[in-house]
Amino acid sequence: MTIDATGVVVRQWLADFVAETLRTETLEQVVQRLNREIIGRVPELADRDMRRDLETSTRAHALVVLSGLTQDKLDYPVPEQAHAFARTIARRGHDLRLLLRVYHVGQEAVLEYMTEVLEQRRLPPETERATLLRLFDRSIRWISTSIEALTDTYMEERERGLRAALNQRTEIVRALLAGEDLDADQATARLGYRLAQRHLACVLWTDEDSVAGALTADGDPVLPAAPGESEALGRLERVAARLAGAVGNGGVLTVPSGAAALWAWIGVDGDAVPDGSAMSVEPPVRIAVGTPADRISGFRQSHREAVAARHVAERAVRAVPRLLRYPEVEVAYLAGADEAAMRALIDRELGALVRPDAASARLRDTLHAYLRCHRSPDAAAKRLGVHKNTVRYRIQRIEELLGHPIEQRSLRLEIALDCAAIYGV
């Protein structure tokens with residue numbers, strides 16, 4: 001085969017590959033694979049917000065690179081999502097070498113993936129060699145362009161952060177959460193937030209929007225619109241301020257934890273925890289809230305609980321409130337730490353009630369309400385919006401399906417139902 005003929009074959013193969021990969025499901029599988037490879041070798045990215053920003057950046061890069069594989073142009077514009085990720089790395093206090101490592105590991109992961117794809121397709125040797133050379137050349141150009149642009153972004157953000165009070169707050173908060181021995185009075189003065197009080201910790205973030213795989217009328221990939229970072233954080237700051245006004249004593253401390261995520265602590269005087277009646281939370285904002293706790297140890301404890309509540313919210317298969325309190329999901333969080341054991345508990349305790357049909361779902365909801373209402377048919381009926389005789393009939397049917405009285409294993413049943421309500425059956 002001549003060089004020109006080989007080039008035509010390579011272009012056609014790449015065009016087919018790009019069209020196949022741009023399908024939403026395929027693209028998401030590739031993005032998830034690359035992210036796993038990167039996080040496996042760069043453990044600093046295991047944090048939830050860092051992972052989220054990495055995924056957004058990886059997806060945007062993938063769309064740009066794929067769109068250029070079949071074209072002669074050699075310039076690869078760096079997407080705004082990648083700049084946002086570089087700024088997050090700077091804000092979290094990581095060295096520039098972390099950013100460089102991410103991109104070099106990412107390049108290796110991309111080439112490894114493409115090599116596997118080519119081996120599976122069993123192309124003629126000369127076509128496979130020409131394709132690999134083209135991919136290698138393009139990957140080098142992509143990495144060089146990205147690193148040059150993002151190094152500038154990182155340095156600008158790092159320099160700005162070093163001068164700003166935000167960086168000082170972040171360093172102190174990181175030290176407090178890490179359990180370092182700090183002078184409480186000095187830390188209070190630098191934070192502008194009193195540590196010797198009762199704290200209510202919150203984690204605020206926004207829902208992810210994804211248009212991965214979408215194409216323009218010309219067949220080019222549509223890049224997801226990167227939310228204005230300052231706009232997203234500004235919105236979360238305002239929500240945190242409203243929350244503090246609703247339940248706090250006037251003291252509030254906030255620290256960005258990602259491009260569109262915020263950690264907050266609110267000074268409170270009692271045990272008040274916000275709920276839907278305290279304030280409404282509108283999309284795309286979500287809030288996870290810990291329980292009030294005292295002094296520096298409480299500062300850490302309430303934050304751990306808020307992070308745990310967010311973990312449950314993001315794993316949930318059923319809709320959960322936009323303002324989620326840790327006590328509401330504590331059992332589901334603890335039981336869900338071991339997925340296999342939790343699933344075994346649900347199957348063992350609920351038995352025939354784990355069927356996915358609507359009738360079984362009604363029985364589970366009825367039993368859950370009945371147990372949470374201290375086995376009162378009247379209270380359960382009021383919560384469910386049905387007649388109390390309906391509750392009694394359903395409870396009788398439930399005991400028939402379970403094969404034993406509810407009281408015999410009520411605690412285990414309630415735990416299993418808590419998990420099923422969040423994670424599904």
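**The close look**

Guide: Let's start at Tyr423, which is buried, with a relative accessible area of 5%. Buried means under 20% relative accessible area, exposed means over 50%, and partly exposed covers what is in between, using a 1.4 Å probe and protein chains only. Before we go on, please keep in mind that this is a predicted model, where local features need pLDDT of at least 70, side-chain atom pairs count only at pLDDT 80 or more, and totals for chains, interfaces and linings use all residues. Residues are numbered from 1 along each chain as its sequence is written, and side-chain values use heavy atoms, with hydrogens and water left out.

Tyr423 sits in helix α16. Helices here are DSSP runs of H or I with at least four residues, strands are runs of E with at least two, and both are numbered from the N terminus. Setting aside neighbours within four places in sequence, Tyr423 is in contact with Val312, Arg315, Val317, Ala332, Tyr333, Gly336, Met342 and Arg343. Contact means heavy atoms within 4.5 Å.

Tyr423 and Ala316 are 107 residues apart along the chain, yet their C-alpha atoms are separated by 5.0 Å. Val317 and Gly424 are also 107 residues apart in sequence, and 6.0 Å apart C-alpha to C-alpha. Val317 belongs to the loop between α10 and β6 (323-325) and touches Ile422, Tyr423 and Gly424, not counting residues up to four places away. While Tyr423 is buried, Val317 counts as exposed at 57% relative accessibility.

Now step back to the helix that carries Tyr423. Two packed helices are described by the angle between their axes and the distance between the axes. Helix α16 (residues 410-423) and helix α11 (residues 326-335) have axes that come within 9 Å and cross at roughly 90°. That makes α11 roughly perpendicular to α16. Axes are lines fitted to C-alpha atoms, for helices over the stretch in contact, and angles run from 0 to 180 degrees between N-to-C directions. Under 35 degrees counts as roughly parallel, over 145 as roughly antiparallel, 65 to 115 as roughly perpendicular, and the rest as oblique.

On the α11 side, Val329, Val331, Ala332, Tyr333 and Ala335 take part; from α16 they meet Ile415, Asp418, Cys419, Ile422 and Tyr423. Sorted by class, the residues of this contact are 9 nonpolar, no polar and 1 charged. Ala, Val, Leu, Ile, Met, Phe, Trp, Tyr, Cys and Pro count as nonpolar, Asp, Glu, Lys and Arg as charged, and the others, Gly among them, as polar.

Helix α10 gives us another helix pair to look at. Helix α7 (residues 165-177) packs against helix α10 (residues 295-315) at an angle of about 90°, with axes 9 Å apart. That makes α7 roughly perpendicular to α10. Here Val173, Leu176 and Leu177 of α7 meet Ile296, Phe299, Arg300 and His303 of α10, and the contact has 5 nonpolar, 1 polar and 1 charged residues. Arg295, also in α10, has a positive phi near 55° without being a glycine, and counts as exposed at 51% relative accessibility.

A backbone feature worth checking on your screen is the cis peptide bond joining Pro283 and Pro284, with omega about 10°. Pro284 lies in the loop between β3 (261-268) and β4 (285-289).

Finally, the setting for all this. The chain has 16 helices and 6 strands, and 47% of its 425 residues count as buried. Among its contacts with a separation of 6 or more, 73% are between residues 24 or more positions apart.
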